[in-house]
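Trainee: Could you take one part of this model and walk me through it closely? I'd like to see how the terms work as you go.

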Amino acid sequence: MLNLSRVMLRRGPHQLLTDINLTIHGGQRVGIVGRNGTGKTSLFALLLGELGADAGEVHVPAGLTIATVRQSTPSGNQSALDFVLDGDAELRRVQAALAEAEAAADGLAQAELHARMAAIDGYAAHARAARLLHGLGFAPDRHLAPIDSFSGGWRMRLNLAAALMCRSDLLLLDEPTNHLDMDAVLWLQGFLASYGGTLLVISHDRDFLDAVTNHILHLAQGRATLYPGNYSAFEKLRAEQALQQQAAHEAQQKRIAEMQQFIDRFRAKATKARQAQSRIKQIERMQTVAAAHWDTPFHFQFLAPERLPETLLRLDQTAVGYDDQALLSALKLRLAPGDRLAILGRNGAGKSTLMKLLAGVLQPLAGEMQRHRYLRVGYFAQHQLEQLDGQASPLTHLQRLAPQAGEQELRDFLGGFAFRGERALEPVAPFSGGEKARLALAQVVYRRPNLLLLDEPTNHLDLDMRHALEQALQDYSGAVVLIAHDRHLIDATCDQLWRVADGALEPFAGDMDDYARWLQRQNANIEGATHTRPKAAGGQPRQQDAQRDKHLRRQLAKAEQQLTHLEQQLAAIDADLSKPSVYGNPSASARLGQERARLQQRLEATETEWLQHAAALEEQHA
């Protein structure tokens with residue numbers, strides 16, 4: 001059990017936490033939310049003992065094994081697999097002690113240490129580490145690659161894998177999805193759902209929090225409030241409280257106005273002065289109910305594009321890559337105003353390369369790319385944060401884009417991105433990552449693009465800003481191509497899913513729920529196929545196990561085929577139901593609705609069957 005009693009914490013001149021009383025029980029799964037700068041990461045530092053409270057007490061039980069993701073980037077020639085294995089500190093201690101016992105020919109110590117290895121599942125540790133690497137997107141042929149061969153983002157994934165490798169009592173995760181693609185995020189959700197310890201996770205991803213938490217800790221204005229339920233339940237409860245608060249505030253303001261009218265009318269009259277003074281004191285004693293803060297600090301919209309050609313851009317058998325080596329080929333795509341595409345796929349598959357092609361940063365290696373002469377691209381990518389002029393202010397950045405625009409017009413526009421007052425005039429070098437991301441996004445919006453290319457726009461953005469971006473995209477009249485690991489943003493703004501894999505770009509038939517189920521099946525098949533077969537004493541596979549393995553794989557493949565067929569049938573019915581000739585015909589729509597319900601039941605039953613076979617196969621190879 002974690003306990004904070006009357007804790008106060010200051011960082012410099014800012015008081016982050018004020019008189020915090022908080023108890024988190026073992027096994028709870030807590031999502032920590034709040035605007036940037038409210039003390040979420042500092043709370044983790046308190047629990048880890050990296051910071052001391054300015055007042056109050058922080059109690060963390062002695063002997064608690066705590067796992068957290070290291071923020072420093074690892075380096076060296078150690079293999080990725082060995083680095084992840086280091087995350088299980090006890091495993092490494094037992095392995096080292098066992099090596100010493102074997103060298104000393106100490107049979108008793110060896111027996112005790114082998115028993116401990118079995119107790120901590122140490123003999124399956126390599127397989128466990130390999131599954132973590134696979135789930136986080138590392139190809140099998142990269143598991144033994146040295147750390148120095150990976151980019152910074154992949155090294156941060158190694159830090160995450162090492163934290164997950166630890167058999168911890170308490171797991172602290174600070175924005176764990178920031179360096180992940182959607183495939184890895186969906187895998188991580190499933191992994192954390194089966195985590196048996198206490199989980200505290202800081203995240204701005206609504207759907208991720210819904211999937212992995214059962215409590216929400218909200219930090220705001222120095223206070224910490226723990227709510228039961230996941231993030232959706234928290235949002236609903238907060239909305240209800242805000243309605244009640246707003247109603248109480250409005251009623252109170254009405255009462256104050258009535259009393260003030262009495263005071264103004266009769267203060268000067270001797271016969272009523274006493275009553276007026278009484279009302280003045282009553283107002284002073286009245287505890288003012290704070291107005292509910294409905295409005296986010298961010299509010300912006302995309303200005304209408306000057307032109308919206310019927311076809312903005314077309315790819316026909318196009319290839320793109322680097323150094324004359326094609327990473328993607330045979331690309332066929334047409335973008336028109338109103339299109340909303342989300343690009344899915346593993347990191348490294350070519351999603352960002354595709355975006356650079358669409359943006360004109362890369363030129364085709366083969367095939368055709370037709371860009372309308374009135375095409376105006378708004379391209380947002382993480383590298384643009386680094387290209388901001390650290391000595392220039394947000395206002396200066398926009399003035400460089402629009403020298404003829406008036407200062408007040410630009411300041412009004414920047415206000416929608418929470419750059420108000422003096423903040424709009426300060427140099428951006430000391431700005432936080434979130435502030436720099438908002439400024440880069442503001443520059444994209446101000447250009448009035450008719451094709452918007454967003455490559456992971458939500459990194460560094462808090463929930464309020466993500467919500468503002470969703471609202472703005474929903475009203476945008478141009479075309480959108482989006483790469484994001486935020487499932488809620490995809491669901492809210494995109495109606496087409498495309499997947500980049502194996503050098504190709506193909507549409508995915510279905511929604512994000514369908515994609516998550518499909519990905520789960522793919523991962524299970526790959527993991528089952530790559531596990532080492534158990535051997536009998538003579539080195540031959542056990543015949544009975546081999547037969548069972550063959551049977552399970554056959555059943556799994558059969559269920560996979562049935563799922564694909566059922567999903568295609570459902571997609572065809574959904575297409576028919578959307579036709580005017582059908583939805584205007586009650587008998588036809590009723591018949592199709594009944595058929596859809598029947599197919600949906602079969603799909604759910606087949607999914608259950610598939611999961612049973614997959615679980616049995618995984619157990620067979622454990």
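Mentor: Let's start with His460, which counts as partly exposed because its relative accessibility is 37%. The cut-offs are these: buried means under 20% relative accessible area, exposed over 50%, and partly exposed in between, using a 1.4 Å probe and protein chains only. Keep in mind that this is a predicted model, where local features need pLDDT of at least 70, side-chain atom pairs count only at pLDDT 80 or more, and totals for chains, interfaces and linings use all residues. Residues are numbered from 1 along each chain as its sequence is written, and side-chain values use heavy atoms, with hydrogens and water left out.

His460 sits in the loop between β15 (451–455) and α16 (463–474). Those labels come from DSSP runs numbered from the N terminus: helices are H or I with at least four residues, strands are E with at least two. His460 isn't a glycine, yet it has a positive phi of about 80°. Gln221 isn't a glycine either, and its phi is positive too, at about 50°. You'll find Gln221 in the loop between β8 (215–220) and β9 (223–228), and its 71% relative accessibility makes it exposed.

Asn159 belongs to helix α6 (residues 152–165). Leaving aside residues up to four places away in sequence, Asn159 touches Val69, Arg70, Ser72, Pro74 and Phe83, where contact means heavy atoms within 4.5 Å.

Let's stay with that helix. Two packed helices are described by the angle between their axes and the distance between the axes. The axes of α6 and helix α7 (residues 182–193) come within 13 Å and cross at roughly 15°. That angle makes α6 roughly parallel to α7; the label covers angles under 35 degrees, while over 145 is roughly antiparallel, 65 to 115 roughly perpendicular and the rest oblique. Axes here are lines fitted to C-alpha atoms, for helices over the stretch in contact, and angles run from 0 to 180 degrees between N-to-C directions.

On the α6 side, the contact is made by Arg157, Leu160 and Leu164; on the α7 side, by Ala184, Trp187, Leu188, Phe191 and Leu192. These residues divide into 7 nonpolar, no polar and 1 charged. Nonpolar covers Ala, Val, Leu, Ile, Met, Phe, Trp, Tyr, Cys and Pro, charged covers Asp, Glu, Lys and Arg, and the others, Gly among them, are polar.
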